[in-house]
Amino acid sequence: MSPSRVPLPNSTLDRFPHIHDDPSTLPRSLDPFTITTSTGFLPFLTSPTKLPSVFQPLMSLLERLPVVKEDGTPGLLATSELGPAVLAELPDLTEEIDKLVTSDGAPDLYMITAAFRDYSFLASSYLLEPCWENWCKNPDQGYGLGRDVLPKSVARPMYHCAKILDIPPFMSYAAAYSLFNYTLADPSKGLDYPNLRLVRAFEKGLDPKSSEAGFILTHVDMVKESNGLISGALKVVDNVEQGDRSVVNDGFREILASMEKIEASMEDMWANSKPQDYLSFRVFIFGITSQSMFPNGVIYDGVLDNQPLFFRGESGANDSMIPLLDHLCQIPMPSTPLTKILHEFRAYRPLPHREFLAYMNSKSEEVGTRNFAVQDTETAILFLKTLNHVRSFRWRHWLFAREYIIRRTPHPTATGGSPIVTWLPNQLSAVMDLMISIYDTYLAPQKEGNSAVGPDGQTGYAAEAYMKQVEPMMEMVRDQREKLAKEVEKWCKERGV
């Protein structure tokens, strides 16, 4: 997991001074999602499994919370006893959050993130417990209503953690549900998938063979390969600026190698988490925004004058890997309400992720990554292959949504509050359209005259490259675009969308 060191300009190092640091040397006063070229978008150290002893009432509730506890017996959610237990047992520990400090007195963001994770699991369980009960009794009748007031003992400390971390006070993909929710069965064996375990779970996830564990840990397994995306993207933007095409091409190759591993891991989702199991634990990761369970929002007791609040739910769409490539490749998104949701999701990423993605977005635009790529045949092909990974990643995500959700429930929105049928195709169509445009504009005309020049200046490079790499890929893209449009039309018609 150690890509070659990228010589960065001072401006980049000023913005991201720890990007090349050994993660083991970084202090816990840093946000645990501080990005390095060793750990990529994963936290730079594995999350803690326990909080300080003063938080024992919280940890006790979380240990008893799952539908099936670690010992195999029914938990509080199985018997609809969580809500009363929270009200009876949990004190308001908000003031204890400020006591989570490092040895030099700085806020311990590592432990504060763990507290945020734990309060997030409790909050979502509390709010959605009635929906779980309704779904279990009669899934065809939907979820009913969730609780619309979050008790002060959960709302205030959770809100305080979120304010310190600069993220919304609701269950998030990175800082709570997935990327800060794993530990290692044997630390000496590292991040191999069989060695990963969940810290918190809603349903049966404390069993590592369960579909809930598989769903979450497959995301961890994918993101562990993201370091090459970071290193490769930095190579690209910083050397486009320098005009060093050879290093730019190396950067794209590093990205391609990482995406091969990421997508191989992504494909394992089918085996690690069964489609027929997903709707069960999915109940607990819905948000408040655009959800029928919370028509009037949720009041966080003791927070913001008790005004109803709305937050988007946990979603793998909040991962940072594909948005990084969106920015690097300057993929234009259509001006639609669906793209607006894509932009809203940005706020739910950890602050270091948001800052890095914003930097890559502005830097790619400033140096003109896409324009630089299409001026050379070899770079253009590498660029097109990078886009193809974005396409195949999003296509696989669409297949997951179709098989795990759309075929199995009429509920119209995804956990993050986006329209379940049309939202993913919005982004998928955008990358397909860009691929076709680049091929038709810059590469196809060269083929006819065989005018392209290969990596060592040889002519005739294009004909072979197109036959082996580009043309079959583009044929698949065109076919897939037509297939996607028909599928979306079919599902929209069936659902009356």
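Select Leu387: apart from neighbours within four places in sequence, Leu387 is in contact with Cys329, Ile331, Val431, Leu434, Met435 and Ile438 (contact means heavy atoms within 4.5 Å). This is a predicted model, where local features need pLDDT of at least 70 and side-chain atom pairs count only at pLDDT 80 or more, while totals for chains, interfaces and linings use all residues. Residues are numbered from 1 along each chain as its sequence is written, and side-chain values use heavy atoms, leaving out hydrogens and water.

Together with Leu387, they have the most contacts inside the largest nonpolar core, which has 161 residues. Such a core is a set of buried Ala, Val, Leu, Ile, Met, Phe, Trp, Tyr and Cys residues joined through side-chain atoms within 4.5 Å; buried means under 20% relative accessible area, with a 1.4 Å probe and protein chains only. Helix α5 gives the most to this core, with 17 residues.

**Stop two: two helices**

Now show α2 (residues 56-64) and α5 (residues 109-137), whose axes come within 10 Å and cross at roughly 55°. Helices here are DSSP runs (H or I, at least four residues), numbered from the N terminus. To see the contact, pick Leu58, Leu61 and Leu62 of α2 with Asp118, Tyr119, Phe121 and Leu122 of α5.

**Stop three: Glu314**

Is Glu314 buried or exposed? Glu314 counts as buried, at 3% relative accessibility. Look for Glu314 in the loop between β5 (308-309) and α13 (321-328); strands are DSSP runs of E, at least two residues.

Definitions and conventions:
Axes are lines fitted to C-alpha atoms, for helices over the stretch in contact, and angles run from 0 to 180 degrees between N-to-C directions. Buried means under 20% relative accessible area, exposed over 50%, partly exposed in between (1.4 Å probe, protein chains only).
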